[in-house]
Amino acid sequence: MAYTPAINRYNRVPRNWFRRCGKSGLLLPAVSFGLWHNFGNHADDSEAEQLCFTAFDLGITHFDLANNYGPPPGSAEKRFRKILKQLPRDELIISTKAGYGMGPGPYADWGSRKYLLSSLDASLKRMKVDYVDIFYHHRPDPQTPLDETLGALDTAVKQGKALYAGISNYTGEQTQQAVQAVENKDYTRLLIHQVCYNMLSQGPQTDLFPHTEDAGMGVICFCPLAQGLLTDRYLSEPLPKDSRAADPKGFLKPDQVTTDLRRKIHQLNDHARQRGQTLAEMALAWALNDKRVTSVLIGASKVDQIKQNVKVLENPQFSEDELTKLNAILTES
Ligand SMILES: NC(=O)c1ccc[n+]([C@@H]2O[C@H](COP(=O)([O-])OP(=O)(O)OC[C@H]3O[C@@H](n4cnc5c(N)ncnc54)[C@H](OP(=O)(O)O)[C@@H]3O)[C@@H](O)[C@H]2O)c1
């Protein structure tokens, strides 16, 4: 059925929903949506569409992709092309990335100029767009000179194929080096860093965020729900049949749902209930509580998950006592 975006989509978003991305002009929604899982060739057309349309109607203007999202690689971008036909391009922030293995041969992995620029062209073709809003280098490449990789991002922006440049999975030190290299070469500044950050992976707080803040870069956190571990999905056994951990194609493996983790998730869930939230809402609020974070980048397999997750700003505050209590749960052995 044809989709028409909800007329009131911007009136019903909470106050402070759009957050400034570092020291830039770009505003991102507090919750963004990623197409890593559930958009490959095996996905159901109508379910995939409904996920994106629901997100957009709820004020999620940012959709994140990568050349290799599928399976097979490239299929999420191809699917998004069909979905995009029904969405207003000027109201969207679309990102894609290159940096992981995409195909055979020596020019389809890591961070060479050859790979990044040809991959971006292929992404634009797959999505049938003239430009993406953000083009990321997906992971640091220890073999390629940083100047070459960052020079490729700069070229992408100068060619008008990307509006902004970003990096992902760089450590704090690597980020500092990248920012310095960009300054030295007078390349397009790095807008944003995409990093794994959640209650179970807090490292970026001390390793990365001081550097992104110094550089005026925004931060978008991927896997803010630890692929579903920080939700009510895995509170009891067995693994839900329709969950990522039970899906052989999923990146969350059954052995990651340990007894010890389950015990912690129960305690976190109890605490979330006391706050009048679901565990998912609390986990997202926790990540957004650090003001250096611009947006949390969620995935979803069901429309209701998105509806629940956008409620995050209904109770975003944590007291110091609460944060201490939550950390005690997370660190106790
Ligand atoms: N730059 C990088 O290297 C990198 C790496 C990974 C991801 N990413 C980006 O980050 C995006 C998000 O990653 P992610 O999908 O792992 O994020 P996530 O939000 O941590 O996990 C999403 C999964 O959590 C479950 N979920 C979500 N909301 C829920 C709710 N309210 N209640 C119960 N379960 C809920 C669903 O699992 P079920 O499927 O089990 O229902 C969903 O598929 C990706 O799409 C991609 O764009 C980037």
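## Strand S10 and its partners

In this predicted model, strand S9 (residues 218-222) and strand S10 run parallel and are joined by three bridges. Within this pairing, Ile-220 stands opposite Ser-295 of S10.

S10 also pairs with strand S3 (residues 31-34), again in the parallel sense and over three bridges. Here Ser-32 has Leu-297 of S10 as its bridge partner.

The side chains of S10 point two ways: Ser-295 and Leu-297 to one side, Val-296 and Ile-298 to the other. All four of these residues are buried.

## Shell around the ligand

The ligand has 30 residues around it, and those that come nearest are Gly-34, Trp-36, Phe-222, Gly-228 and Gly-299. By class, the shell consists of 11 nonpolar, 15 polar and four charged residues.

Strand S10 (295-298) supplies at least two residues of this shell, as does helix H10 (303-309).

## Packing of H2 and H3

Helix H2 (residues 75-84) packs with helix H3 (residues 113-127) at an angle of about 45°, and their axes are 7 Å apart. H2 is therefore oblique to H3.

On the H2 side, the contact is made by Glu-77, Lys-78, Phe-80, Arg-81 and Leu-84. H3 contributes Ser-123, Arg-126 and Met-127. Sorted by class, this contact holds four charged, three nonpolar and one polar residue.

How values were computed:
Residues numbered from 1 in each chain as written. Predicted model: local features only at pLDDT ≥ 70, side-chain atom pairs only at ≥ 80, totals over all residues. Axes fitted to C-alpha atoms, helices over the stretch in contact; angles between N-to-C directions. Helix = DSSP H or I, 4+ residues; strand = E, 2+ residues; numbered from the N terminus. Parallel < 35°, antiparallel > 145°, perpendicular 65-115°, else oblique. Contact = placed C-beta atoms within 7 Å. Nonpolar A, V, L, I, M, F, W, Y, C, P; charged D, E, K, R; others polar. Near = placed C-beta within 6 Å. Buried ≥ 20, exposed ≤ 12 C-beta atoms within 10 Å, placed from the backbone. Pairing = 2+ DSSP bridges.
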